[in-house]
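User: Hi! I'm new to reading protein models. Could you walk me through a few features?

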Amino acid sequence: MSDVRFWRRRWVRRTTAWAVTAVVLAGGLFWVSGGYDSWRADRALDAACDGDLAAGAVRELFDGISLSSSGGWTDRRHCTVRASDDDTDAGLVLSARESDRRTVAWDGSGYDAPLGYNWTGSFRFNPDDEDTDEAQAVLLLSCGRETGDGLMITADADLARGGFDDPVTRERLVSVLTETATAYARRIGCAAPAGGRVKSVGVTTTARDHKPVAAATGSCAGVLDGRTAARWGVRTATEISRAPALLENCALGGLRGAQLYGFTAYYGPAAQEVHDERRYARRDDADDRETDAPNARYSMTARCPGANGTAAFQVDTLHDEDNPKFAALTVDHRELRAALRRFAERSAKMHGCEVPRAE
């Protein structure tokens, strides 16, 4: 009986030793192969951006690429995520700033798509570009009712392998932004209401996306009645969907989409940029457009709650004076100002602003 117990104890000791050896070897292989570094970087991602980063959404966006992060928000309130693999030039930059600070929000290459789903935001991705791996999403978050009390948070992503022509990839980037922005706002004490999960993300509207003016249902809807449109030679509209955005655009054009009149609504930092430019223009006499001139520009403003700031609304006549076809068109300035008022009032109401006033 004692012999049986002896061999049983000996078998248990050997089995335990083999198990410990296997664990040690496995751990060594894990360490040597870089598995520990990958695990550590993955854990760090969960605490990135001072714990605000939507790490799960980031992993889905980059889909299998090993990632690392800068850690917390920098002094300029930037937080970065980058590919750990030196062969992959991919990454993400998140930025946060007060919404009443000036920033360039539109480069003129197209009209950014509103996010919708009770968010005030935009998505920039031009499907006409050769590179499909870069996109930007922007949010305005209102921390209170006082004009200018809010945040603008952006997410710029480079996947280094294409992908934003895929609707699912666009939704993943927006999820990164909305989840991170919501966590950031809560942590700093900004009582910004959260929107819903964005289930469909549009792309940048370009001049080729024009439609018959009578078919306009978005930002151009109701700007001109049919009789006035016919008298002005307006046949087409280039627009974005009707949802709050940093910039909201509508272009009315000729038969093949050649733009004649451009309407734009600016909010938050984009509006601040417009106000600053107008002050500089008045001081330097840089804008020599005259009222009722063929190239006239008319403007309105409205006080808005929170991050929307003091909104700016503008209409430009886009006639090409060197083109005889456009030079023959007569601008109806009274009706043009009325069209701007309709455009501005609809947009302002959507943002909860006061009634716009002419400058």
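User: Which residues form a negative surface patch?

Analyst: First, some background: this is a predicted model, where local features need pLDDT of at least 70 and side-chain atom pairs count only at pLDDT 80 or more, while totals for chains, interfaces and linings use all residues. Residues are numbered from 1 along each chain as its sequence is written, and side-chain values use heavy atoms, with hydrogens and water left out. A patch takes residues with over 30% relative accessible area and no salt bridge, joining like charges within 9 Å; a salt bridge is a side-chain nitrogen of Lys or Arg within 4 Å of a carboxyl oxygen of Asp or Glu. Here, the negative patch consists of Asp129, Glu130, Asp131, Glu134 and Asp156.

User: Is Glu130 buried or exposed?

Analyst: Buried means under 20% relative accessible area, exposed over 50%, and partly exposed in between (1.4 Å probe, protein chains only). Glu130 has 82% relative accessibility, so it counts as exposed. You'll find Glu130 in the loop between strand 5 (119-124) and strand 6 (134-142). Strands are DSSP runs of E with at least two residues, numbered from the N terminus.

User: Why is strand 7 described as largely enclosed?

Analyst: Seven of the nine residues of strand 7 (residues 150-158) are buried, so the rest of the structure largely encloses it.

User: How many bridges join strand 6 to strand 7?

Analyst: Two strands pair if DSSP finds at least two bridges between them. Strands 6 and 7 run antiparallel and are joined by nine bridges, with Leu140 opposite Met152 in strand 7. Strand 3 (residues 91-98) also pairs with strand 7 in the antiparallel sense, over eight bridges, and there Arg97 has Met152 as its bridge partner.

Methods:
Patch = residues over 30% accessible without salt bridge, like charges linked within 9 Å, V, L, I, M, F, W, Y side chains within 5 Å. Areas by Shrake-Rupley, 256 points an atom, 1.4 Å probe, with all protein chains shown as cover. Lys, Arg positive; Asp, Glu negative; His and termini not counted. Charge placed at Lys NZ, Arg CZ, Asp CG, Glu CD. Helix = DSSP H or I, 4+ residues; strand = E, 2+ residues; numbered from the N terminus.
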